[in-house]
Amino acid sequence: MEEPILVESIRYADVCQGCGGEAQLCGVQALVGQELRWDVESTCPACGFGLAVCGGDLPEELRGRLLSEHGRAILRVPPPPSNAATMRVLRAELGIGLDAVRAVLEQILSGQYTGTLPEMELLARKLRASGIEAAASRQ
């Protein structure tokens with residue numbers, strides 16, 4: 001069964017790149033299957049300038065706005081997990097070394113590992129696919 005799409009979005013105003021007026025922006029981060037996607041669309045009611053940007057890593061500004069608007073989500077893995085299996089998944093998904101993955105696992109087990117809901121749900125899906133009980137939820 002395919003996992004549902006998970007979307008977080010925000011609306012905000014910023015300076016129009018076309019005329020310097022106030023543009024309306026909509027930013028989105030989505031988890032589609034096993035892939036994180038994002039985009040920001042900008043439209044200016046004054047001059048009609050429009051722009052859409054997407055792809056690559058989630059910009060820190062958009063991530064910060066999403067966290068501010070929606071709050072942090074937490075990754076929960078009930079103890080005792082299979083530390084070796086959990087660490088393998090985390091290393092593969094986060095692209096980090098052994099020392100860093102130990103620190104991340106400690107944060108997860110102590111309820112301190114947080115991010116956007118799509119980010120945490122992606123890790124939870126990857127862990128569940130490896131047979132590890134995991135869930136993402138708001139703090």
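Helices here are DSSP runs of H or I with at least four residues, strands are DSSP runs of E with at least two, and both are numbered from the N terminus. The model shown in every view is predicted.

**View A. The end of helix H1 and the residue that follows.** Helix H1 spans residues 60-70. Gly71 comes after H1 and has a positive phi, near 85°.

View B. Leu62, Arg63, Leu66 and Leu67 are the buried residues shown in H1. These residues lie on the same side of the helix because the arc they cover around the axis is only 135°. Glu60, Ser68 and Glu69, on the other side of H1, are exposed. The packing partners of the buried residues of H1 are strands S1 (6-15), S2 (22-32), S3 (35-43) and S6 (114-115), together with helix H4.

**View C. The largest nonpolar core.** This core has 20 residues, and those that touch the most other members are Leu75, Val77, Ile108, Tyr113, Met120 and Leu127. Two or more core residues are given by each of strand S5 (73-76), helix H2 (83-94), helix H3 (98-109) and helix H4 (117-129). H4 supplies the largest share, with five residues. Apart from neighbours within four places in sequence, Leu75 is in contact with Ile108, Tyr113, Met120, Leu123, Ala124, Leu127, Ala134 and Ala135.

View D. Strands of a sheet pair through backbone hydrogen bonds. Between S5 and S7, four bridges make up the antiparallel pairing. Arg76 has Ala135 of S7 as its bridge partner.

**View E. The salt bridge between Glu3 and Arg125.** Ten salt bridges are found in the whole structure. One of the pairs is formed by the side chains of Glu3 and Arg125, at 3.6 Å from N to O. Glu3 belongs to the segment before S1 and Arg125 to helix H4, so this pair ties together parts that are 122 residues apart in sequence. Glu3 is partly exposed, at a relative accessible area of 31%, whereas Arg125 is buried, at 3%. Glu3 and Arg125 also belong to a network of salt bridges with Glu121 and Arg128.

**View F. The salt bridge between Glu119 and Arg63.** The side chains of Glu119 and Arg63 meet at 2.8 Å from N to O. Distant parts of the chain are linked by this pair, with Glu119 in helix H4 and Arg63 in helix H1, 56 residues apart. Buried means under 20% relative accessible area. Glu119 is therefore buried, with a relative accessible area of 15%. Arg63 is likewise buried, with a relative accessible area of 19%.

**View G. The salt bridge between Arg37 and Glu35.** In this view the side chains of Arg37 and Glu35 form a salt bridge, at 3.5 Å from N to O. Arg37 counts as partly exposed, at 43% relative accessibility. Glu35 is partly exposed, with a relative accessible area of 42%.

Conventions. Residues numbered from 1 in each chain as written. Predicted model: local features only at pLDDT ≥ 70, side-chain atom pairs only at ≥ 80, totals over all residues. Heavy atoms only, no water. Core = buried A, V, L, I, M, F, W, Y, C linked by side-chain atoms within 4.5 Å. Buried < 20%, exposed > 50% of the residue type's maximum accessible area, 1.4 Å probe, protein only. Contact = heavy atoms within 4.5 Å. Arc of directions from axis to C-beta. Pairing = 2+ DSSP bridges. Salt bridge = Lys/Arg side-chain N within 4 Å of Asp/Glu carboxyl O.
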